[in-house]
Each structure stands twice: as structure tokens, then as C-alpha cells.
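User: I have some questions about how the terms in this description are applied. Please set each value against its definition.

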Amino acid sequence: MMPQLQFRDAFWCRDFTAHTGYEVLLQRLLDGRKMCKDMEELLRQRAQAEERYGKELVQIARRAGGQTETNSLRASFDSLKQRMEDVGSSHIQLALALREELRSLEEFRERQKEQRKKYEAVMDRIQKSKLSLYKKAMESKKTYEQKCRDADDAEQAFERVSTNGPQKQVEKSQNKAKQCKDAAMEAERAYRQNIEQLEKVRGEWEQEHRTTCEFYEEVRVALEACSVEADIDSFIQAKSTGTDPPAPVPYQNYYDQEVALSSSSPGIQPSCGMIKRFSELLHGSPKTSPSAASAAPTDTLTPTRHRNEVVYATVAMQEAPGPPTLPAQDYRALYDYSAQNSDELDISAGDILEVILEGEDGWWTVERNGQRGFVPGSYLEKL
């Protein structure tokens, strides 16, 4: 037996800035709200019809004559009238019961609307915060990498001047290299801080996403007349956006990227870390041979990277069969029917109609004199 699917595990999106899964769930809630309204309208119209029919039966029974008859026939006729009045009263009671169910459904819809708005407000707030911090982190990353490049350029200029350049120019170049190094370190600190803040908000967003999905799943559980597990599994299989949340945005050290690039291209000589080489220059080692530079250890702050591989399973979807299309057959109308909507057809008792399609909901598609529309199937008999 397959384990039951869960909303909280099926609506992630690998894109850090996308919220596709949440949007799918939110749209499902809105569709469910519309379904509630459709059900309310159905119950409302059914209650009106039952009440109207019941009152007409009661009036017919009370207006019926039979006062001139005597003995057993009079008793039988009075009993018939009483039975008809009782049937009319039962239809009136059914209309009252339907209106009570209608009120319960309206209250349920309003409660779910309030809860949905509460969770929706929380999700909107935390999603905006996540996107804002992500943008800020990416901007600080660009600044950090640019400052590192500037520091490298200043360091290389200092190495060239320190060999045989004038003392004043050496000092000027050394000061500039130190300023660039300080700027790079400050940009790195800001970059790290933004990444840490983004990771904190990402964790809060992930937890809130799970909580919201669990609440949305409880809405389905509240509908007692449904097969909850089957509905949830079917919806998740049809609308699932992914089973893995987006990976955290890692801090990427500028010089680790440079070493990786150099190792992938043998013809390019790898460079040492900026801070290590600059400290050696300050201690009187203006030149660093390529071999020493390659052997010198560099301190990096880049966390170990892990590559997650995701396998997406295909979900076979089977389209629900539509109502059967039968060969055209002739039927006779038993009763008159006046069209209530533009897609229905007026018929009179005795009309000969050609049935095109027998709908499962009781409404059949018929054609008469080139006109086509819906009529109640119970009003027809086959010739």
C-alpha cells in the first residue's frame, strides 16, 4: 500500500525565488471557495423548489371538494386529501432542512476564508522578506567579488613597484594595497552577514510553508462527506510542484572560485589568497615564486558544498471518461418544459425529438427542427 501523500512534502520549488507550490495551493483554496458557493446556490434553489412544491400540494389538498359525497367514498377522498397535505408538509420541512444545511455551509466557508487570509498574510510577509534579503545578499556578493579583484590588482601593482621602484611610490602602492584589502574584508563581512540573515529567514519561510500546507490539508479533512485520502492523493499527484525545498544560498569565497578555475585550466598559474600574500609582503617578502605560491596554504571560509541529486518521478494521469455518445434516437416528449437558460430547449407534450447525448446528470442534448439544446431526460420516452 502506497503511503498517503502530504501537502507539506509535495509543493516545494527548487528555485529559491519562486513560490509556485504555494501559489498552486492558494489557487486550490480559492477554487474550493467557489465550489462552496456553487453548492450553496444548488441548495438554495433546491430549497425554493421544495418549498414551492410543498405549498402547492397543501393548497391543492385544502381546495379540493368532495363535500357532497358520503360514506366510504367520502372517507377515502378525505384520506387522499390528508395524505397529499402530509406530503406537501414533508416537502416544506425538507426545504427548511436544506436551508439549515445552507447556513452551515456558509458559516464553514466564512471560517475557512478568515483562516486562509490569516495564513496568506503571514506567507506574503515572509516571502517578501526572503526575496528582499536574497536580492541584498546577491548585491553584497557582487560588491565583495569586485573588492577582491581590486585588492588583487593593487597587490600585483605593489609587487611590481616594490622590486626596483622609488621608495615614495612603493609606500604609496603599499598603502593603496592595504586600503583595498581592508575594503575587501569589509565587503566580505557584509556578504557573510547578509547570507546568515537570508538563511535565518529561509528557515522561517520553510517552517511557515509547512504549517500553511498542513492547515490547507485540514480544510480537506473537514469535509466529512468526501474521501479525504483519495482527494488529497489525487490533487497532489496532479498539481505537485516538487518534493525538495530550495537549497540554502551558500557563501562563496572569491579565491576558492579562482583556484577552481585555475585547476580546470592547466595553462593558468593559480594565485594565492590575497590576505596571505599581502601579509608576506608586509614582512619583507616582496616576491613570491610560483612554486611557493602554489604550496602556501590559504585560509578559506567557504563551507563544504554538497550536490543534491533529485530524481523526478513521472505521474501517470488518466483522463476521466466523458458521458457516452449514443447514435441519434427518436423520443417523444411526455410533458411541457419551458427553457430556463439559453442552452435549453422549449418542448411541448407530444413533440418528437432526436436525442443526441444522454447526460449522466439527467439533462439530455436533443435536436428538433434544426434547434439543439438541453431538456430533462425524465420528460422523454423512447419511441
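This is a predicted model: local features need pLDDT of at least 70, side-chain atom pairs count only at pLDDT 80 or more; totals for chains, interfaces and linings use all residues.

User: Why is the contact of E50 and R46 called a salt bridge?
Analyst: A salt bridge is a side-chain nitrogen of Lys or Arg within 4 Å of a carboxyl oxygen of Asp or Glu. The N to O distance for E50 and R46 is 2.8 Å, so the pair meets the rule. By this rule the count comes to 22 salt bridges.

User: What separates E50 and R46 in helix α1?
Analyst: They are four residues apart in α1, which means a separation of about one helical turn. Helices here are DSSP runs of H or I with at least four residues, and strands are runs of E with at least two, numbered from the N terminus.

User: Is E50 buried or exposed?
Analyst: Buried means under 20% relative accessible area, exposed means over 50%, and partly exposed lies in between (1.4 Å probe, protein chains only). E50 has 9%, so E50 is buried. R46 has 43% and is therefore partly exposed.

User: Which parts does the pair of E51 and R99 tie together?
Analyst: The closest N and O atoms of E51 and R99 are 2.8 Å apart, and the two form a salt bridge. E51 lies in helix α1 and R99 in helix α2 (residues 71–164), so the pair ties together parts that are 48 residues apart in sequence. E51 counts as partly exposed at 22% relative accessibility, and R99 does too at 26%.

User: How do you know that β2 and β3 pair?
Analyst: Two strands pair if DSSP finds at least two bridges between them. Strand β2 (residues 352–358) and strand β3 (residues 363–368) have four bridges, in the antiparallel sense, so they pass.

User: What joins β3 to β4?
Analyst: Six bridges join β3 to strand β4 (residues 371–376), and the two run antiparallel. W364 has V375 as its bridge partner in β4. This hairpin has two residues between the strands, and N369 takes a positive phi near 55 degrees.

User: Is R372 buried or exposed?
Analyst: R372 is exposed, with a relative accessible area of 52%. Its salt-bridge partner is E367, with the closest N and O atoms 2.8 Å apart. E367 counts as partly exposed at 23%. Elsewhere, salt bridges that share partners join E199, R202, E206 and R210 into one network.

User: What makes a space a cavity?
Analyst: On a 1 Å grid over the protein atoms alone, a cavity is a set of points where a 1.4 Å probe fits but cannot get out, and lining residues have an atom within 4 Å of a point. Grid points are joined across faces, edges and corners, and a volume is the space filled by probe spheres set on the points. The search of the whole structure finds one cavity of 30 Å³ or more, and the largest cavity has a volume of about 50 Å³. Its lining includes W12, H19, W205 and P246.

Note on methods. Residues are numbered from 1 along each chain as its sequence is written. Side-chain values use heavy atoms; hydrogens and water are left out. On a 1 Å grid over the protein atoms alone, a cavity is a set of points where a 1.4 Å probe fits but cannot get out, and a pocket is an open set with protein on both sides within 12 Å along at least five of seven lines; lining residues have an atom within 4 Å of a point.
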